[in-house]
Amino acid sequence: MFPAETFSDETGRRAGSAGEILAPAKLNLYLEVLGPRADGFHALETLMVPVRIYDQLFWHSNDTSVSGNNFTGEGLSLRVRCLLPNDGRTDQLLGKERDNLVLQAARLLAETAGISPSGRFSLIKRIPIQAGMGGGSSDAAAALMLANTSWKIGYSQEQLLPLAAQLGSDVPFFLSRYFQRHHAAICRGRGELVEPVRQLPRLHFVIAQPTTGLSTAEVFGQLAARAETSDQRAAASHFRLSELIKTLQSGAIASAGRKMSNRLESAAEQLSPWLDHLRDVFSRIGSIGHFMTGSGSAYVGVMRSATQARRAARRLVNMKLGTGKLGSENAESYLKLRNVFATSSC
Ligand code: C5P
């Protein structure tokens, strides 16, 4: 059950020693908001797939030689190496994220298990920030898993899941993968109730992240007030999602692509002027379905093959969208892409 073995099938090589874990990104192929909940969150139904863009987390015990770009806390510290384009804002966002998630996860586990470990985590960041690709949540799940093993706590999935849910709505999805080896899951509740979905074909994607990220809380805040979660809305969503999964399992990718959707897209549109433009661009690069992932701001196109995904990524880069005006002379109204990826589901 050790993480390094869990990942050997995904990377074609072993992920590394007992002190290392690969944390994948995710995409939401379907996301419906069923309604507000009493706890301030929203009830969701979403289909998530992990994709082959990974952060890497390492644990080094009793390492006191940490200097420079590291963040400390009660005997635990974290050093982050960012392999994302660094424009200052990334660093600022990462500062918040690393403290909130990797160290929070580790402290929560240590506290729950009643131990005081000391040492250092180091994190290599490749998953874009504020993109809706779950980087922070995946890092948190990886931290729980790595610490659980490295500190010889040995908690089961059932013991770790409540800690994961406390850290964030998407963390249980990433955590449950380490135990169940599923490649996709339906997530319900506020996102923390995970039902593995098996036998989905490998999917190929092109992903574009605009320079402006989006905060999950702000996107949910823009949702038009909906009445209480109704049984009717939940049943309609359940039907649409089952149809999508059946279509995917039958291998009819083009038809499945047309069934993918994200209810948060219209909310995000009020915060990001680029979504409409991205939709238009993605309809011209041969995508068989396209949508925003999670709370954005990354936009995803489903492609027929890995080769087509790579070709579409090159086209996006070469389109020089940074010089394509969106109707005003103001420099702010140019669509700029921070990252473009071609990737596949795990
Ligand atoms: O759980 P997570 O930390 O990812 O949530 C960030 C914010 O997004 C929450 O504070 C909440 O405002 C919003 N959210 C929501 N409903 C969800 C998930 C998140 O309203 N199901």
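**Helix packing and the ligand shell in a predicted model**

Me: In this predicted model, at roughly what angle do the axes of H3 and H5 cross?
Reply: The axes of helices H3 and H5 come within 8 Å of each other, and their crossing is right-handed. Their crossing angle is roughly 45°.

Me: Is H3 parallel, antiparallel, perpendicular or oblique to H5?
Reply: The two axes cross at roughly 45°. Angles under 35 degrees count as roughly parallel and those from 65 to 115 as roughly perpendicular, so H3 is to be described, relative to H5, as oblique.

Me: Which residues of H5 meet H3, and how many charged residues does the contact have?
Reply: From H3 the contact draws on Ser-137, Ser-138, Ala-140, Ala-141, Leu-144 and Met-145, which meet Val-171, Phe-174, Leu-175 and Tyr-178 in H5. By class, the contact of H3 with H5 has 8 nonpolar and 2 polar residues, and the number of charged residues is none.

Me: Is H4 roughly parallel or roughly antiparallel to H5?
Reply: Helix H4, residues 157-167, packs on helix H5, residues 171-180, at an angle of about 155°, with the axes 8 Å apart. Since angles over 145 count this way, H4 is, relative to H5, roughly antiparallel.

Me: How many nonpolar residues does the contact of H4 with H5 have?
Reply: The contact is made by Gln-157, Leu-160, Leu-161, Ala-164, Ala-165 and Leu-167 of H4, together with Val-171, Pro-172, Leu-175, Ser-176 and Phe-179 of H5. Sorted by class, the contact has no charged residues and 2 polar ones, while the nonpolar residues number 9.

Me: Which residue in the contact of H3 with H4 is polar?
Reply: Helix H3, residues 135-150, and H4 pack at an angle of about 145°, with their axes 10 Å apart. The contact is made by Ala-140, Ala-141, Leu-144 and Asn-148 of H3 and by Leu-160, Leu-163, Ala-164 and Leu-167 of H4.

Me: Which element gives the largest share of the shell around the ligand?
Reply: Among the residues that surround the ligand are His-42, Leu-44, Thr-216, Ala-217 and Phe-220. Strand E2 (42-61) and helix H6 (216-221) each supply at least two residues of this shell. The largest share, 3 residues, comes from H6.

Terms used. Residues numbered from 1 in each chain as written. Predicted model: local features only at pLDDT ≥ 70, side-chain atom pairs only at ≥ 80, totals over all residues. Near = placed C-beta within 6 Å. Helix = DSSP H or I, 4+ residues; strand = E, 2+ residues; numbered from the N terminus. Axes fitted to C-alpha atoms, helices over the stretch in contact; angles between N-to-C directions. Contact = placed C-beta atoms within 7 Å. Nonpolar A, V, L, I, M, F, W, Y, C, P; charged D, E, K, R; others polar. Left-handed = near helix turned anticlockwise from the far one by under 90°.
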